Amino acid sequence: MRLHRNLCFAVIDGLHLIFNEGEYADKVIQQLLKRDKRWGSRDRGFVAETVYTIVRYQRLYAEIANVKAPYHRDDLWRMFAVWATLKGIKLPDWKYFTDTPTRKIKGRFDELSKIRKYKESIPDWIDELGVKELGEAEWTKEIAKQNEQADVILRVNTLKTTKKDLQLKLQSEDIETEFLPQHPSALKLVERANVFKTEAFKNGWFEVQDASSQLVADYLDVKPGMKVVDVCAGAGGKTLHLASLMENKGQLIAMDIYESKLKKLKIRARRNGVHNIEMKVIDSTKPIKKLHGKADRLLIDAPCSGLGVLRRNPDAKWKLEPEFIENIKQTQQDVLEQYSKMVKPGGKMVYATCSVLPSENQKQVETFLTTDAGKEFTFIKDKKVLAYKSGFDGFYMALLEKK
């Protein structure tokens, strides 16, 4: 592989924004990919994958390159040289690569790869937390899997098409997919491609949604004609899935504290041909109180650490703080207690997170069941999804029924 100057500069600029300016990796990549109209899919793939890999292995590469944050541009070039050397790419004779100690890099890599926090490139405190909550063996396998690039998974919009028809349509646009036996609405891309440019996407035939995330709406056991509330709807991936399971019949109320996210959901709903969604911003306790005892089904896709989706958001591990995890657990408990009051007797509720930590998952459900609000519920079942076992994102979901 030959390194091209303009692509390498784009990578360095992206790393600077992520590491030194605190910007989100996915947003930075989106900006970078618009930088040069002449870039083909191979060029864009190089920029995106290289940035993501260096973000993923920041700690390991920085240790090998002997640099410390905040990184100067020379430091970022050193980390880039480490990445290239470990990939077996011959470094060109640019000034940034003079005196790159290639053999030393390989030696340091072998040495540091024996220590999990360097090998998997994670902060000490996350490593300690993972061991404490999942145990040494399970955590070692899980964090290794969380460092792999995630597959692109689509969820077919059954309001508009079938899985087979979607597969054929994408095939006609040179995108090969395969079925996932355990996930009724999922198609997995055989090779990465920009699916957002396809005719099928523009027509609302699918959404991009990880296979584990697709399990959540199914878990809620909705039926057409029900009154269903999704209280942490965000941009609405799971809301749209619920709408398709409800066959567009009944009432689906999407709520969130961020109006900007609900606006995105509105656009997506239009493209999906969904018209049974009502959107409500949670700007006070009023919208919640109005729905007390009214919902047949309630989805709480709770805010969490996101430690189950590091493959998609590798920069999250550098942005997370121990205090955040403690605070988010309190938020999860508050959300459960406040929002659960919307469920009517005989109705059901799902509590879900994209975390793999039991303290954010089953422990939260156990605690909730001892509270005044929780005593009105019966625990039915739960599902723990670990990335290393499933091959998809880490998730948790629990189904509870109101007495």
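Is D283 buried or exposed? It is exposed, with a relative accessible area of 63%. Keep in mind that this is a predicted model. D283 sits in the loop between strand 7, residues 277–281, and helix 15, residues 286–290.

D256 belongs to strand 6, residues 251–256, and is buried, at a relative accessible area of 6%. Leaving out residues up to four places away in sequence, D256 touches V231, C232, A233, G234, K261, L262, K280, V281 and I282. A polar atom of the D256 side chain also lies 2.9 Å from the backbone nitrogen of Y258.

Next, the cysteines. How many disulfides are there? The count is zero. The pair to look at is C304 and C354: the sulfur of C304 has its closest cysteine sulfur in C354, at 3.5 Å, which is too far for a bond, because the cut-off is 2.5 Å. C304 is buried, with a relative accessible area of 13%.

Last, helix 4, residues 58–65. Seven of its eight residues are buried, so the helix is largely enclosed by the rest of the structure. The buried ones are Q58, R59, L60, Y61, A62, I64 and A65. Just after helix 4, N66 takes a positive phi of about 60 degrees.

Key: Residues are numbered from 1 along each chain as its sequence is written. This is a predicted model: local features need pLDDT of at least 70, side-chain atom pairs count only at pLDDT 80 or more; totals for chains, interfaces and linings use all residues. Side-chain values use heavy atoms; hydrogens and water are left out. Buried means under 20% relative accessible area, exposed over 50%, partly exposed in between (1.4 Å probe, protein chains only). Helices (H or I, at least four residues) and strands (E, at least two) are DSSP runs, numbered from the N terminus. Contact means heavy atoms within 4.5 Å. A polar contact is a pair of N or O atoms within 3.5 Å; within protein, one must be able to donate a hydrogen and the other to accept it, and residues adjacent in sequence count only if both atoms are side-chain atoms.
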